[in-house]
Amino acid sequence: MANSETSSSKRPPDDDAQAASDRPSSTTRQINQETTDELFPQHWKSGSLKYTDFEPLTEGGTAELQTCLDRNLNRVVVYKKLHDHLADSDMENARFLREARVTALISHPGTVPLYEVGRDRSGAVYFTMKKLEGQDLSLILKGLAARDRKMEADFPLSRLIDIMIQACQTLSFAHSSGIIHRDIKPANILVGAFGEVTVLDWGLAKVHGEEVKDLESLASVEVPQGKEAVRMELTQPGRRYGTPLYMSPEQAEGKATIDERTDIYNMGSVLFEILTRENLVFGSKIDEVLEMILERPTPQPIKVAPDEHIPKVLNAICYKALQKDPDDRYQSMNEFCDDLLAYRSDQKVSVYRYTLRESIAQFKHRHVIALTALGSVAAGALLCWLFLNVARLTGS
């Protein structure tokens with residue numbers, strides 16, 4: 001079973017927002033008859049008035065999150081709103097509303113259910129969503145890098161690849177709806193105690209067409225790219241516009257034509273960290289980070305971390321996803337996901353050249369049950385033949 005501890009609120013503040021509670025999942029509110037059968041009042045409250053018992057959860061550079069009780073449904077939810085000093089900012093309100101609407105429109109088991117958007121008594125926009133329990137992948141990878149034995153027991157490579165597959169499937173669904181995430185990183189992948197995997201923080205998502213006039217009229221609502229994005233990340237804690245350590249080369253160059261292959265590169269960066277226990281890109285200076293993203297030859301995980309015993313097939317998958325030219329990467333998230341699924345089921349992966357010996361070994365491994373059964377039948381037939389012949393000879 002997964003580690004049941006939830007994400008810590010002490011991680012660097014950002015708008016990856018929903019994150020998880022800093023309390024363990026054992027504090028989840030128990031459902032009982034009193035909770036479900038309470039009479040609904042004649043004079044019920046709607047909008048923000050129905051929320052009570054607010055408690056701080058976490059906060060980032062632009063917004064704060066609290067848990068609260070929805071009195072009408074008797075459930076704890078997460079309540080998100082902009083910081084007071086940003087409540088009148090057209091730019092931040094546009095981003096905030098886009099995040100709410102995108103999250104609501106991507107209705108998938110791997111996304112956070114969004115319950116409501118509205119304005120509070122002061123006129124500030126808020127939205128509420130499901131309160132998730134779990135720990136984000138960045139905390140898991142930090143534990144693995146530190147050789148935490150319990151973390152290693154809970155998250156062997158096979159499980160980490162399964163987490164990758166679930167995240168890829170969620171992103172593939174989003175891509176089919178015209179949504180590009182643009183900020184995939186381990187901190188935005190939440191792993192629940194019961195195997196559920198949720199992709200968080202759609203606040204920087206690119207929407208197909210982006211023809212909403214209110215957003216297009218706000219030039220500054222566009223997500224900073226390239227050097228400007230790196231500068232904001234390195235100098236303004238909590239403000240993330242495509243995290244540099246996981247940026248694709250086209251994001252780092254500030255290109256306007258970003259498509260789903262950017263998310264593929266970002267997921268490739270996550271896979272690189274899973275395999276090597278190291279970041280693909282590192283540095284504290286703008287030029288340093290940009291040079292690594294744009295100029296350094298794409299590293300192969302197996303050469304970066306030879307002691308990690310990285311499977312050659314996974315090395316090939318990761319290397320393909322991390323190609324600097326988008327045309328050289330997987331061309332869809334489905335292709336990337338299919339290769340990960342093929343690896344998990346001992347099928348042939350499209351981007352790896354198998355030697356004859358590897359092909360034979362894979363065939364044997366994949367058909368071991370059938371071969372064993374066939375061998376048993378053959379052995380049984382041989383014994384039966386011997387028995388009949390011996391019986392015939394002795395009888396004669």
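This is a predicted model: local features need pLDDT of at least 70, side-chain atom pairs count only at pLDDT 80 or more; totals for chains, interfaces and linings use all residues.
Entry 1, the whole chain. I looked up the secondary structure and found 15 helices and ten strands. I then checked burial, and 47% of the 396 residues of the protein count as buried. For the surface, I noted that the protein exposes about 20600 Å², of which carbon and sulfur atoms supply 55%. Turning to contacts between residues at least 6 apart in sequence, I read that 65% of them join residues at least 24 apart.

Entry 2, a sheet. I followed three strands that form an open sheet with antiparallel pairing, in the order β6-β8-β9. The edges are held by β6 (135-136) and β9 (197-199), and each of these has a single partner strand, so one side of each is left without a neighbour in the sheet. Across β8 and β9 lies helix α5 (residues 157-176), which runs at about 45° to β9.

I looked up how helix α9 (residues 260-276) packs with helix α12 (residues 312-321), and noted an angle of about 145° with the axes 8 Å apart. The crossing of α9 past α12 is left-handed. On the α9 side I listed Ile264, Tyr265, Gly268, Leu271, Phe272 and Leu275 as making the contact, and on the α12 side Leu314, Ile317, Cys318 and Ala321. Sorted by class, this contact of α9 with α12 has nine nonpolar residues, one polar residue and no charged residues.

How values were computed:
Residues are numbered from 1 along each chain as its sequence is written. Side-chain values use heavy atoms; hydrogens and water are left out. Axes are lines fitted to C-alpha atoms, for helices over the stretch in contact, and angles run from 0 to 180 degrees between N-to-C directions. Helices (H or I, at least four residues) and strands (E, at least two) are DSSP runs, numbered from the N terminus. A crossing is left-handed if the near helix is turned anticlockwise from the far one by less than a right angle, and right-handed if clockwise. Contact means heavy atoms within 4.5 Å. Ala, Val, Leu, Ile, Met, Phe, Trp, Tyr, Cys and Pro count as nonpolar, Asp, Glu, Lys and Arg as charged, and the others, Gly among them, as polar. Buried means under 20% relative accessible area, exposed over 50%, partly exposed in between (1.4 Å probe, protein chains only). Accessible areas come from the Shrake-Rupley method with a 1.4 Å probe; for residues, only the protein chains shown count as cover. Two strands pair if DSSP finds at least two bridges between them.
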